[in-house]
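The following note sets out several points on the model under review. It treats the cavities, the contact between the chains and the salt bridges in turn.

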Amino acid sequence: MKYLLIANPENRRVAFFQGALAAASHEPATVIAHTDWLAGRVDLAAYITPETVIRIESPGENPETQRQLLIRGARHPDASIDEVDAARVQFDRGRLDHPLQKALGWQVALQELEAILDENPHRAVMNHPGDVAMMFDKARTHDLFAQAGVPCAPYLGRVSGYEELREVLRGADCQRAFIKLRHGSSASGVVAYRFNDRYEEAITSSLMRPGPGGSTHIYNCLKIQRYNRREQIELLIDTLATQQVIVERWVPKARYNGKQFDVRAVVIDGRSRHKVARMSASPMTNLHLGNERGDLDELCDEFGDALLDRIDASAEAALAAFSRSLYAGVDVLVTPGGGSCFALEINAFGDLIPNLTHEGQDTYTAQVHAMDARLGEDHLSEDANS
Amino acid sequence: MPTINTLFGRTIRDYPIGGDANAPDDVIWRILVEDYDGEIEPVMSDFLANHASPDVDTLVIGNWGYDNSPDPIIDMLVDHKETLAGLKSLFVGDISYDENEISWIVNGDMGPILANFPQLEYLRIRGGNELSFNHTEHQNLKHLIIESGGLDSGLLDTVSKMKLPNLIELELWFGSDNYGFDGSIDTIKPFIFGHQGSSDDQNPDASVVYLEFSEGTSNKFWEGTQDGAQLTTRWGKIGTNGQTKTKDFDDATAAIVALEKASKSKIKKGYVEVGSNESGYLFPKLERLGLCDCMFADEVASLLKEAPILEQLEHLNLSLGVMTDVGLAELIDNPYIRGIESINLDENYISDGDLLDKLSALGPVVSASDQRNETDDLFEDYPDPYDFYVAVGE
């Protein structure tokens, strides 16, 4: 067997995975840069043999990959700019710039990958591109969760803007909702919204700035913003909705020591394993926003040891809905009082949790071992030791 | 705001369904629902079935869920008003920030509490959203505390016109315009000056005389309200709502004459007028006034220089607001301030320690802990005309 890693080569995810392979005495993976295969500089099929195990990594954190996805997205019927304009887009750090077309480009790219895999016999795929595509689409993920009976934050559908949002919420008798980019991650374009007859509020990592010609630009901002004025909130939701948004009921999170939290659980081969509590003063718990990791032991002292079982069951049910995936990161919400758990998000690239081991393995090592076990490979490192 | 653990020096415990035989005799029960999808009604129902008795003098109601009103549990209390005839203190909404932020607590109508628990002395309410009073009189209430992230002017107007002749403590958290405070400094003025002299929307055709008679075992009141050509009289034992009779006259003048005649006859018999003292303030017996969580704390401090109510106050609470050194200087200039026993200025924006010392030197015990500055705010707010925020908004 030989691993083929389709990734941004400079990203630490690649180094972590190569490290895990080395620790298990596997050959290093061959790395194909997203930028190369997306630009057609590399023929992926030529790298695939019946012995190849394929791993798809995140296309994030690389402006050139993002530009390639934007260009690829021009092939999608919902594209807003053509390939020529897409190629000219200037990188503007933190800005939500055509996120929909980039996401569509990623969907197109994953379909192409799927077609290549269909035509080229290979040993295995860690996470199938069809599943990865589905996990990146929150609307389809919600439909899948509903079919599979996975407990999650109740889905209220897609909306075209603020007005429709209010209509949907009124119809659902709902005063608190999360509005999320349909294809988004890392709290990008996520809004926690609540209202009553007298006032309303949007809490978000999205910062609005005036763009050219009366347009509005949205930036991902590490500092959480709070908007209370109707016109601002309307502009925010309407601007985000041009990039397609979904609405979920805002289920409150349990709190501990004055902070609300959820739990990121990495599920590998059906088992919920690496878990980290994410404590936050705001409704956004993402660790990159400066939120701290919490101590699960303390949370169990507070909410009972059965809390872990509930978290595990919730995370495992979420991944089980994706039968062609070996692993994913699942964000699990714990309700106030700790009585119930809901799967909030599932992320095909949610396995990046440095410095956390479970049963002596980091997330990448655990995946390599799980893959070996699935493929019936005796563990190579054990062979090497014997 | 965290939930409270003690009240009047007594322990508060969350009420478990079925009760707890081992709880101390003087425990105060807090009725609440802990789980997100739980319901408070069964807890209240269990408490009432097993514990409702005239011995219950104090009750705390905690989190009743999200986005739903406490009206059903208030109704349950009212249904048990006879068995809860000893209830003197009630805290509705002892809900921590952890459970539900103060601005997003959905409250309800507290009028039934005033109407049905005439023996009540202490009423504390947290959460101003949808808070209302369909009944605004109470003969015995001594303490009224309303904690909120934003009180609307309609509610404040209602409170300013409540008939609470025995109120000694009033504390109001005005809150932020982002969370429902829709007034201005004018909305707050009645609580500084009373309604006297303000060209308010009070019905100029209505007048009220409230009299009390206390001698030996007799403690009764008489109240006459003339509104247009109608005269309503109400009388009974102090602490009850008494009986009411309404009589129609040919015109307003005839009704006024009848009111004057009737009240003079009562005064002759030894009744004394209560509720129209010299200051003309809303609550004649007030000793403790809290104008808290106020965006205009500096202006409030300035206006207090001309507020005779301060002459009768023992305690002034201006905490949680946007008071700067400017407001503090106004307090030092206040001719009444020497007569105040204690002043609470916690969680404002005061920075000048020398000024605080000056205020203390005038006599009052001053508390000024946890002063804030602009950068303390947890959230990076969108550029806003206000640089400072009240302590309790969201």
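**Notes on cavities, interface and salt bridges**

1. The largest cavity has a volume of about 110 Å³. A cavity is here a set of points, on a 1 Å grid over the protein atoms alone, where a 1.4 Å probe fits but cannot get out; grid points are joined across faces, edges and corners, and the volume is the space filled by probe spheres set on the points. In total, five cavities of 30 Å³ or more are present.

2. The model is predicted: local features need pLDDT of at least 70, side-chain atom pairs count only at pLDDT 80 or more, and totals for chains, interfaces and linings use all residues. Residues are numbered from 1 along each chain as its sequence is written, chains are lettered from A and ligands numbered from 1 in the order in which they are written, and side-chain values use heavy atoms, with hydrogens and water left out.

3. By class, the lining has four nonpolar, two polar and seven charged residues (Ala, Val, Leu, Ile, Met, Phe, Trp, Tyr, Cys and Pro count as nonpolar, Asp, Glu, Lys and Arg as charged, the others, Gly among them, as polar).

4. Chain A and chain B each bring 30 residues to their contact (heavy atoms within 4.5 Å). Between them they bury about 2800 Å², 46% of it on carbon and sulfur atoms; buried area is the accessible area (1.4 Å probe) lost on putting the two parts together, summed over both. Of the area that chain A buries against chain B, 25% comes from Arg198(A), Tyr199(A) and Arg226(A), more than from any other three residues.

5. Four salt bridges link chain A and chain B (a side-chain nitrogen of Lys or Arg within 4 Å of a carboxyl oxygen of Asp or Glu). Arg194(A) pairs in this way with Glu101(B), their closest N and O atoms being 3.3 Å apart.

6. In one of them, Lys180(A) and Glu345(A) have their closest N and O atoms 2.6 Å apart. Lys180(A) lies in strand 6 (residues 176-181) and Glu345(A) in strand 16 (residues 341-347) of chain A, so this pair ties together parts 165 residues apart in sequence. Strands (E, at least two residues) are DSSP runs numbered from the N terminus.

Notes: On a 1 Å grid over the protein atoms alone, a cavity is a set of points where a 1.4 Å probe fits but cannot get out, and a pocket is an open set with protein on both sides within 12 Å along at least five of seven lines; lining residues have an atom within 4 Å of a point. Helices (H or I, at least four residues) and strands (E, at least two) are DSSP runs, numbered from the N terminus.
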